[in-house]
Amino acid sequence: MKSTTLRDQVTDILLSADGWVPRLRLIQLTGFDKGYAALLGPANGPGKPTSLKALGYVEVKDEDNRVSYRLTPEGRRFFNADEAPPNNWQKAVLGVQALGGRASRATIRRWILEHFPDYNDINLRMDLDMLCVNSPTRRAYLKSPKPDDPRNALVRREGQGEHTIYSLYDPEEHGVWVTSTSDESTLIHLTAPTETGVLRLQKAALPEFDPRNVEDARNFVDRSVAVRRGQLAFRQSLLDLYERRCSVSGCRIPEILEAAHIVPYLGDETHHLTNGLLLRADLHTLFDLGLLRVDPTTLRVEIHPSVIEEPIYNEIHGCTLRSATPRPSAKALLHHREKHLAVWAST
């Protein structure tokens with residue numbers, strides 16, 4: 001064999017095999033009698049995080065104290081010598097996959113350098129931004145990627161710098177992100193409605209949302225679980241509550257209707273039906289900037305003077321929110337109003 005390391009020899013053998021390969025056969029072919037559990041993984045449990053079993057590339061079985069190995073389909077694709085080696089962005093995706101589907105930039109960097117020692121990591125941040133469907137700088141690398149583009153691979157979650165967390169992208173869980181056709185500098189989140197996995201909220205007998213009682217759920221639960229289970233259910237509940245119409249404009253196009261938190265997201269506690277408004281995408285942006293606000297008592301919509309001259313916004317100034325039961329939390333609307341007082345004080 002041209003390969004000299006145990007890893008290279010073993011993967012060459014497993015690639016050429018049609019099925020399971022006993023450990024004794026590996027010992028005969030490689031001349032190594034140790035190191036298989038650490039490299040390939042044990043029969044029970046994943047073993048070390050860097051073992052090929054833990055990475056999802058190898059299966060291990062033990063029958064009558066006879067341990068055997070075989071490559072998984074993913075492992076066969078990864079090690080297939082006939083295929084071209086992965087390029088830099090593919091290495092980043094492989095890293096996130098191998099690390100359980102969620103990892104920090106620093107961890108992804110370490111994984112790539114461990115598995116591809118000749119990798120030049122100077123462009124890792126740019127590769128990750130290109131792969132993230134919700135990265136605001138993605139358009140610098142991909143102008144208009146198609147829905148089936150393999151580079152629609154990751155979602156940027158939280159953190160900054162080397163601590164930024166990335167997850168594998170799933171349209172049903174994270175929604176569809178596109179660049180605005182009218183303004184390429186604007187990223188629009190179009191959540192694809194789906195019934196699968198949606199946790200519907202009951203709107204009957206809900207106490208009024210009070211922002212003073214909110215504790216940041218991210219201190220107690222993994223945020224990725226909160227996003228997967230909470231945001232989709234929150235939007236679906238608001239779609240039901242407002243009969244699939246924008247609560248301000250009455251727009252009926254579900255693809256551009258977004259679930260807006262009145263008090264910004266702080267965890268599952270803020271996925272409260274009375275802490276939400278169903279808003280057209282542009283109105284959601286105005287609301288988050290404080291350029292659109294709602295009177296807590298009358299539910300009258302107010303548009304900031306800096307944008308009221310636009311006819312599309314002038315016509316909704318002074319209108320009343322669409323009727324809904326339960327109605328939005330007065331305390332949450334007051335909280336939003338007070339948060340943006342400085343914006344209105346300058347007028």
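Asp 295 sits in the loop that links strand E11 (292-294) to strand E12 (301-303); helices (H or I, at least four residues) and strands (E, at least two) are DSSP runs numbered from the N terminus. The model is predicted, so local features need pLDDT of at least 70 and side-chain atom pairs count only at pLDDT 80 or more, while totals for chains, interfaces and linings use all residues. Residues are numbered from 1 along each chain as its sequence is written, and side-chain values use heavy atoms, with hydrogens and water left out.

Asp 295 is buried (under 20% relative accessible area, with exposed over 50% and partly exposed in between; 1.4 Å probe, protein chains only). Even so, Asp 295 has no salt bridge, that is, a side-chain nitrogen of Lys or Arg within 4 Å of a carboxyl oxygen of Asp or Glu. The nearest side chain of opposite charge is Arg 337, 4.4 Å away (Lys and Arg count as positive, Asp and Glu as negative; His and the chain ends are not counted). Leaving aside residues up to four places away in sequence, Asp 295 touches Arg 300, Glu 302, Leu 333 and Arg 337, where contact means heavy atoms within 4.5 Å.

Burial also marks strand E10 (residues 276-280), with five of its five residues buried. Gly 276, Leu 278 and Arg 280 cover one side, and Leu 277 and Leu 279 the other. Strand E9 (residues 257-261) runs antiparallel to E10, joined by five bridges, and Ala 259 has Leu 278 as its bridge partner.

Elsewhere, three strands make an open antiparallel sheet in the order E4-E6-E5; strands pair if DSSP finds at least two bridges between them.
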